[in-house]
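Visitor: Could you walk me through this structure? I would like to ask questions as we go.

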Number of protein chains: 2
Amino acid sequence: MLKLYEEIKAKSLKLDISRGKPSPEQLDLSMDMLNIKDFQSESGDCRNYGMLDGIPEAKKLFADMLGVGLENTVVCGNSSLNIMYYLVSLAFSHGVLEEKPWGTQKIKFLCPSPGYDRHFSICEFFGIEMICIPMTENGPDMNIVENAIKDSSVKGIWCVPQYSNPTGAVYSDETVKRFANLKPAAKDFRIFWDNAYCLHHLVDKPKTLLNILTECEKAGNLDLVYIFCSTSKISFSGAGVAAMAASKNNIENIKKALSICTIGYDKMNQLRHVAFFKDLNGLKAQMIKHRAIIQPKFDIVLEVLESELKGIGNWNKPEGGYFISYNAPKGTAKRTVQLAKEAGVVMTPAGATFPYGKDPDDSNIRISPTYPPVDELKQAMELLALCVKIAVNGVSQ
Amino acid sequence: MLKLYEEIKAKSLKLDISRGKPSPEQLDLSMDMLNIKDFQSESGDCRNYGMLDGIPEAKKLFADMLGVGLENTVVCGNSSLNIMYYLVSLAFSHGVLEEKPWGTQKIKFLCPSPGYDRHFSICEFFGIEMICIPMTENGPDMNIVENAIKDSSVKGIWCVPQYSNPTGAVYSDETVKRFANLKPAAKDFRIFWDNAYCLHHLVDKPKTLLNILTECEKAGNLDLVYIFCSTSKISFSGAGVAAMAASKNNIENIKKALSICTIGYDKMNQLRHVAFFKDLNGLKAQMIKHRAIIQPKFDIVLEVLESELKGIGNWNKPEGGYFISYNAPKGTAKRTVQLAKEAGVVMTPAGATFPYGKDPDDSNIRISPTYPPVDELKQAMELLALCVKIAVNGVSQ
């Protein structure tokens, strides 16, 4: 094994399966969007100032995508992460609705783990204590969540409810209902519902996710959730359109605050997206094209895991989203990622999928198959498998 | 007069000279930018993630526009106001460099007035006490500024150094040098240098503005200033590109923070701008085209002021920028704006150019000539002049 590893190392590979980036072929799918030349929205000239909360046509598109009303929707710029940061920052300086600013208290967030490192970074940046919540195949362990929110210093939870980053879990109906029925001690507790992969299916009959806002309404808990989505992995990852949704009450408050923080978002790009995708069906049709490009990549990763690592750790077979989550035998993830790096394959740092970058089991490795070509991906995966075996055997040091 | 006023009122006019908005003709000047189809930057694919601080080509363009180095420049999204808000918010939550967060203290900002209402709104939103600084034709009254910064709770000042909003003042060399040589009691005092109109000349031989970063360097005061600019009034006001500049020290700190708050800015739009304008000369050539469109509008405003209001209040003849600042006789601005509104002409609310929306003299009225066609503008100005006279005479109530 070591000989093979050294041989591969000598090849000076430069492979990267670290981030969930679309491939150039995927980005090419949306290039016709750029032919659009008419920037008159039904509410005015998209090239000029105004329409702070988004053009009406884009509101309709995103409201349909999220299954919410126009009055629940704000269409923003190119980064949903930026909206999430903004809402945490706003709560930090001004509080949520009538409650005290988070910045004046010691507060905590619940972090289903493994999860999305950039969610956790926002917490770390604001000095928010993070509490790990174990993930199950149905979503976060709700018994633990329901218990944790009895603490009034717990102000939020990060959720990627469909095709969770990185485990691929789709929250079950029961999970969503239990979320909607939470009775947190803190009135300003918010679920940060990052529905980044709501249309990103890899199977013909995807599991359906219950509509959290509808469930919250049924539960008399309308203000409980902030919902996010974007076209970052539908159109252009650097130049898509992001949106948020929430109760009218939350949205009205956020819009007032938004009027201070920006002159408005890029409405030309909003109109470009609407003109190109037209409606929810247009978005869905685009996702079928994406699937055709990325499915073989997920397949090759799963094939190599199956053929090389059967019985050594475990992994999920995602039905959508952007990641495969591989759990190496305890205590070997860091060493594995290090070995891969030395041989020219960049992985997400081991531990990154946990709060503070610390995986208590040193086990989880996030694999992002979408960016590299299939042959490079195969090479990278074979090397990864080899590195796992070396790390497990403790042969090299 | 009243009869004439009632006659005009009966026409149900709908005119708007309230905001500094480019006209459709001005926006048309940049439409060819949208023909660009190649989105490969010298540093990679602009359609994908990455290049948090801007693509290198755009950094070069904006560094040249601001007369600073590449290492001093970050290229952002479509709103320079959003960067200003972000930096205040960041200082509020995390402090500036090693200093204590602003949110933990009672702090103050200096507000040269009349000034830009959206600057003042940011202060008001964060509960920052605003101190009015009188404007002269050479910039803020520097004696008062130099005295005010002896107070360590004074953390910042808003400046529009070239074609000040709304007075049109260009800061003199002496003013800029005195700014660069400020020795504030607060180490985390920052000059917010909003150079929004740096290329927006209305004369053949514009006054030159000293480079504040260079002057700060000479004064051994490198970290003192944050500089902002955008193409909002060069390309598209809703979909331009904004940038900031500061010392390397400041920029390194801000970049670390930025990596938490966004996945990156829209680099496709950055490349579009670079491909279209090419370089600083391209920007300047575009501004000559803008001038040809807007100069007649400034002229008509000045003509009506001259013919109708000579001896009644005073006004500036701007050499650039977006506004004409009319000082009505004391105590008549609110009434004038109200009369105009009732007759169908929307003006910037009287007082808006002062902190807390309160003009101590109830005198300043900001006129924005760029958006309406010349004939509508003439109509609006004639009505405004009539309203001033009515308000001054106190005939109507």
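Visitor: How far apart are the centres of domain 1 and domain 2 of chain A?

Guide: This is a predicted model, and in it the C-alpha centres of domain 1 of chain A and domain 2 of chain A lie 28 Å apart.

Visitor: Which residues belong to which domain of chain A?

Guide: The domain assignment gives domain 1 of chain A the residues 2-20 + 283-393. Domain 2 of chain A covers 36-279.

Visitor: How many residues does the contact take from each domain of chain A?

Guide: Domain 1 of chain A gives 22 residues to the contact, and domain 2 of chain A gives 27 residues.

Visitor: Which elements are on the domain 1 side of chain A?

Guide: Two elements of chain A give two or more residues to that side: α11 (280-309) and β15 (364-367). The largest share, seven residues, is from α11(A).

Visitor: And what kinds of residues are on that side?

Guide: On the side of domain 1 of chain A that touches domain 2 of chain A, 10 residues are nonpolar, eight are polar and four are charged.

Visitor: Let us turn to sheets. What is the strand order in the open sheet of eight strands in chain A?

Guide: The order in chain A is β4-β11-β10-β9-β8-β5-β6-β7, and the pairing is mixed. Strands of a sheet pair through backbone hydrogen bonds, either parallel or antiparallel.

Visitor: Which strands stand at the edges of that sheet?

Guide: They are β4 (73-75) and β7 (139-140) of chain A. Each has a single partner strand, so one side of each is left without a neighbour in the sheet.

Visitor: How do β10 and β11 of chain A run, parallel or antiparallel?

Guide: Strand β10 (residues 225-230) and strand β11 (residues 242-245) of chain A run antiparallel, and four bridges join them. As an example, A:Cys229 has A:Ala243 in β11(A) as its bridge partner.

Visitor: Which strands does helix α3 of chain A lie across?

Guide: Helix α3 (residues 56-66) of chain A lies across β4, β10 and β11 of chain A. Its direction is at about 125° to β4(A).

Visitor: What about chain B: how many bridges join β5 and β6 there?

Guide: Six bridges join strand β5 (residues 108-113) to strand β6 (residues 129-136) of chain B, and these strands run parallel. B:Ser113 stands opposite B:Pro134 in β6(B).

Visitor: What do β5(B), helix α5 of chain B and β6(B) make?

Guide: Together, β5(B), helix α5 (residues 117-125) of chain B and β6(B) make a right-handed β-α-β unit.

Visitor: And what do β6(B) and β7(B) form?

Guide: They form a hairpin, with two residues between the strands. β6(B) and strand β7 (residues 139-140) of chain B run antiparallel and are joined by two bridges. In this pair, B:Met135 stands opposite B:Pro140 in β7(B).

Visitor: Now the two chains. How many residues of each are in contact?

Guide: Chain A has 39 residues in contact with 39 residues of chain B. On the chain A side, α2 (24-28), α4 (80-94), α5 (117-125), α9 (248-261) and α10 (267-277) each supply at least two residues.

Visitor: How does the chain A side divide into nonpolar, polar and charged residues?

Guide: The side of chain A that touches chain B has 18 nonpolar, 14 polar and seven charged residues.

Visitor: One last topic, the backbone. Which residues does a cis peptide bond join in chain A?

Guide: A cis peptide bond joins A:Ser113 and A:Pro114, with omega about 0°. A:Pro114 is in the loop between β5 (108-113) and α5 of chain A. In chain B, a cis peptide bond joins B:Asn165 and B:Pro166, with omega about 5°.

Visitor: What is the phi of A:Tyr356?

Guide: A:Tyr356 has a positive phi of about 60° although it is not a glycine. Most residues other than glycine have a negative phi, and most peptide bonds are trans. A:Tyr356 is placed in the loop between β14 (345-347) and β15 of chain A.

Conventions. Residues are numbered from 1 along each chain as its sequence is written. Chains are lettered from A and ligands numbered from 1 in the order in which they are written. This is a predicted model: local features need pLDDT of at least 70, side-chain atom pairs count only at pLDDT 80 or more; totals for chains, interfaces and linings use all residues. Domain bounds come from an automatic or database domain assignment. Two residues are in contact if their C-beta atoms, placed from the backbone, lie within 7 Å. Ala, Val, Leu, Ile, Met, Phe, Trp, Tyr, Cys and Pro count as nonpolar, Asp, Glu, Lys and Arg as charged, and the others, Gly among them, as polar. Two strands pair if DSSP finds at least two bridges between them. Axes are lines fitted to C-alpha atoms, for helices over the stretch in contact, and angles run from 0 to 180 degrees between N-to-C directions. A crossover is right-handed if, with the strands pointing away from the viewer, the path from the first strand over the helix to the second runs clockwise.
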